[in-house]
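Please examine the structure shown below.

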Amino acid sequence: MSTAARKIRDADSLLRTSFPPGEAILPKEGEKNVLITSALPYCNNVPHLGNIIGSTLSADVFARYNRTRNRRTLYICGTDEYGTATETQALKEGVTPKELCDKYNELHRETYKWFEIGFDYFGRTSTPLHSEISQSIYLHLKHNDYLEKQTKEQTYCEGCSKFLADRFVEGTCPHCGADDARGDQCDVCARTLDAVDLINPRCLVNRGHTVTTRSSEHMYVKLDKLQPRTEAWIKKSYKEGKWSPNSVINAEGEIVDARMKQGLRPSPVTRDLQWGVPVPIEGPEDEAMRGKVLYVWFDAPIGYPSITANYTPEWKQWWFNHQNVRLYQFMGKDNVYFHTIYFPAIQLGDGRPWTTLHHLSTTEYLNYEGGKFSKSHNRGVFGPAAKETGIPSTVWRFYLLSVRPESSDAMFSWDECIAANNNILLNNFGNFVNRATKFISSQYNGVLPEGDVPGPLSPNDEVDAEFVSDVNALIKEYTDAMESVKLRLGLQTVMLLSSRGNTYLQASGLSKALMTENPKRCAQVVTRALNLIYVLSALIHPFMPATSESILEQINAPPRSVPDVFSIDILPGHQIGKPEHLFKRIDEKMADAWRAKFGGQPSSAAPPADTKADATHVAPGMSKRKAAAAAKKVAASKADAPKSPEVLAWEQKVADQGNVVRELKSRPKTKETEDEIAANVEILKKLKAELISLQKQSA
């Protein structure tokens with residue numbers, strides 16, 4: 001619809017500002033500049049719903065909120081790609097670590113894009129700039145006398161001719177006798193282990209190789225020497241940034257982390273691996289470090305500034321600017337130590353004026369239907385599979401944020417998810433927007449009548465004083481909650497505001513009869529309702545951006561900022577767009593279908609090894625007819641089994657590429673189009689081959 005049909009009040013800061021495409025967002029002195037990070041997802045897996053609400057989605061909500069306050073806001077994230085876990089997964093999949101990271105980085109990007117997570121930049125840690133910045137921090141620690149060399153016994157594989165990282169060795173647990181304990185932990189007794197203590201250690205690359213122990217020199221950061229400064233920083237930042245209580249510091253400001261109470265110890269910063277940031281060599285004293293890499297726990301948090309450096313060469317304006325930048329970091333509770341103790345200690349030891357953590361936002365765990373998410377058992381919804389349900393991403397966002405585990409673990413429930421859509425979004429929020437816009441469209445031909453003067457409404461209004469006061473109070477409650485990063489409370493407040501809109505329409509008696517009997521009052525009611533919808537479009541934007549966009553399209557208004565008070569900003573003569581339903585009802589019976597689809601494969605589903613039958617093998621004592629029936633049943637069970645997130649993602653890629661080929665083939669034939677078709681057919685063939693490979697791995 002033409003913007004000429006719009007009648008919007010001209011007022012400073014009413015509309016939302018945006019940066020021109022391609023222009024880097026940089027902080028500005030004298031303004032509130034907000035730097036936001038979410039924990040870097042590890043690049044050997046795909047995220048499930050708990051991962052998404054725990055960091056990336058929560059950070060996205062806060063970033064969008066700050067943009068609705070017209071603040072310079074930068075939201076950075078990316079995949080954490082180095083370390084043993086990547087090498088181990090690459091070995092399992094028969095690819096190089098780089099190929100593995102390329103694959104999962106793309107899967108993460110696609111998942112977050114579908115969930116409408118709007119990073120300003122989503123990068124990765126396997127970049128030259130990451131190596132450069134990590135090595136620079138390492139050298140600053142060295143020059144400031146915060147590194148020391150230690151010699152330790154490590155497992156060594158004589159067949160591979162290299163030291164084995166913890167995850168590449170297994171053996172008998174010295175505590176409980178379990179025979180499959182890993183080099184870092186025994187899953188049977190849950191004891192933390194040192195790989196050299198394993199009995200009968202075996203190399204996971206080749207279990208026939210001989211595994212011994214050898215001495216290896218490594219560099220350690222002197223966390224014990226940095227502890228007094230780190231403790232002082234924690235207490236100061238906790239108070240200034242109003243951290244939520246966590247596993248490091250409690251509500252009384254007392255440090256409760258066991259490692260700090262016992263006294264921090266030197267921590268390793270190098271590893272005998274190939275996939276990682278090379279340890280920088282300055283002189284002969286560093287020769288023992290040649291061929292080693294920086295430990296992933298050391299370089300991973302450096303991903304925040306290095307990914308920013310890949311976004312803009314002016315990255316130091318964000319990361320060496322503590323006076324003008326406020327850093328907000330989002331993560332699950334298992335990452336608190338590294339963001340509140342370890343990395344701040346590294347920054348302090350580095351000695352440069354780093355932008356350090358201002359506010360920490362952590363979540364507890366989101367569990368699934370009475371248990372835990374499990375990729376190995378296909379239990380729970382993993383990122384790429386969410387769209388398989390047909391539930392729009394905006395509804396997924398709403399439900400996940402409504403159960404955000406801010407102070408205790410939360411449970412995902414299909415019944416509650418459906419109820420959230422049907423009872424809250426459809427019957428409350430959607431009903432208010434649709435009822436008001438449809439009335440304006442049908443009774444006023446979509447043109448807002450003369451009803452109010454522009455500007456803030458008085459809390460002493462002659463007829464709507466209570467309504468105006470309630471709206472103003474809820475707007476304040478919303479901004480207070482969001483400024484304190486209480487996202488779930490912020491969302492609840494938005495729903496209370498839309499509910500107040502519904503009761504206002506009901507109490508005002510909005511109807512054709514009111515329009516006939518008291519046209520002036522009717523015009524006033526629809527004007528105030530439409531302007532409340534305009535307010536809601538800004539307040540709901542951080543949580544449900546697609547819904548916000550749909551509202552703006554229906555009311556034909558530009559994106560606005562969050563107001564301080566309720567005011568008349570859409571003026572008489574304004575032409576609204578076409579009213580549409582924001583949400584659709586979800587059949588309650590779908591809960592059982594999705595529960596079955598994502599409930600995992602029970603271990604009893606597989607037939608016993610000695611009676612297995614398929615199309616070419618007959619089990620002992622089984623007729624060919626029964627064997628064929630059994631094979632058919634097995635094939636059917638495989639077809640019905642939940643697909644892995646990777647398979648779902650690649651199926652979508654194949655479908656998308658197939659559409660590209662079909663579209664090209666529909667064009668008039670020319671030499672150029674034939675070449676383009678041939679090239680895209682090759683891409684399609686490659687994707688299909690990759691899909692077949694993934695399906696075999698998942699079988």
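The side chains of Glu285 and Lys142 meet in a salt bridge, with 3.3 Å from N to O. A salt bridge here is a side-chain nitrogen of Lys or Arg within 4 Å of a carboxyl oxygen of Asp or Glu. This pair links distant parts of the chain, for Glu285 is in the loop between strand E11 (270-271) and strand E12 (293-294), Lys142 is in helix H4, and the two are 143 residues apart. Helices (H or I, at least four residues) and strands (E, at least two) are DSSP runs, numbered from the N terminus.

The model is predicted: local features need pLDDT of at least 70 and side-chain atom pairs count only at pLDDT 80 or more, while totals for chains, interfaces and linings use all residues. Residues are numbered from 1 along each chain as its sequence is written, and side-chain values use heavy atoms, with hydrogens and water left out.

**Salt bridges**

Side chains of opposite charge can pair when their charged atoms come close. By the rule given above, the count comes to 45 salt bridges. Three of these pairs are set out in the table.

| Pair | N to O distance |
|---|---|
| Arg71 and Glu483 | 2.9 Å |
| Glu285 and Lys142 | 3.3 Å |
| Asp179 and Arg202 | 3.6 Å |

What do Arg71 and Glu483 form with their side chains? They meet in a salt bridge. Arg71 lies in the loop between helix H1 (49-68) and strand E2 (72-79) and Glu483 lies in helix H13 (residues 465-483), so the pair ties together parts that are 412 residues apart in sequence. Arg71 is buried, at a relative accessible area of 17%, and Glu483 is partly exposed at 27%. Buried means under 20% relative accessible area, exposed over 50%, and partly exposed in between (1.4 Å probe, protein chains only).

Asp179 is partly exposed, with 47% relative accessibility, whereas Arg202 is buried, with 18%. Salt bridges that share partners join Lys32, Arg69, Arg71, Glu483 and Asp564 into one network.

**Sheets**

Strands of a sheet pair through backbone hydrogen bonds, either parallel or antiparallel. Two strands pair if DSSP finds at least two bridges between them. Three bridges join strand E6 (residues 169-172) to E8, and Thr172 has Ile199 of E8 as its bridge partner.

Another open sheet has four strands in the order E5-E4-E9-E10, again with antiparallel pairing. Strand E5 (162-163) and strand E10 (267-268) are at the edges with a single partner strand each, so one side of each is left without a neighbour in the sheet. Strand E4 (residues 147-157) and strand E9 (residues 211-221) pair over 11 bridges, and Thr155 stands opposite Thr213 in E9.

Parallel pairing occurs at strand E13 (residues 325-332). Strand E1 (residues 33-38) pairs with E13 in the parallel sense over six bridges, and Ile36 has Tyr328 of E13 as its bridge partner. Six bridges also join E13 to strand E14 (residues 357-363), in the parallel sense, and Gly332 is partnered by Thr363 in E14. E13 is mostly covered, since seven of its eight residues are buried.

The axes of H4 (residues 128-143) and H10 (residues 336-350) come within 8 Å and cross at roughly 65 degrees. The contact (heavy atoms within 4.5 Å) is made by Ser136, Ile137, His140 and Leu141 of H4 and Ile346, Gly349 and Asp350 of H10.

Helix H2 (residues 84-93) is mostly covered, with eight of its 10 residues buried. Among them are Thr84, Ala85 and Glu93. Gly94 follows H2 and has a positive phi, near 70 degrees.

Asn531 has its place in helix H16 (residues 519-540). Is Asn531 buried or exposed? At 0% relative accessibility, Asn531 counts as buried. Leaving aside residues up to four places away in sequence, Asn531 touches Phe566, Ser567, Ile568, Asp569 and Ile570.

Note on methods: Axes are lines fitted to C-alpha atoms, for helices over the stretch in contact, and angles run from 0 to 180 degrees between N-to-C directions.
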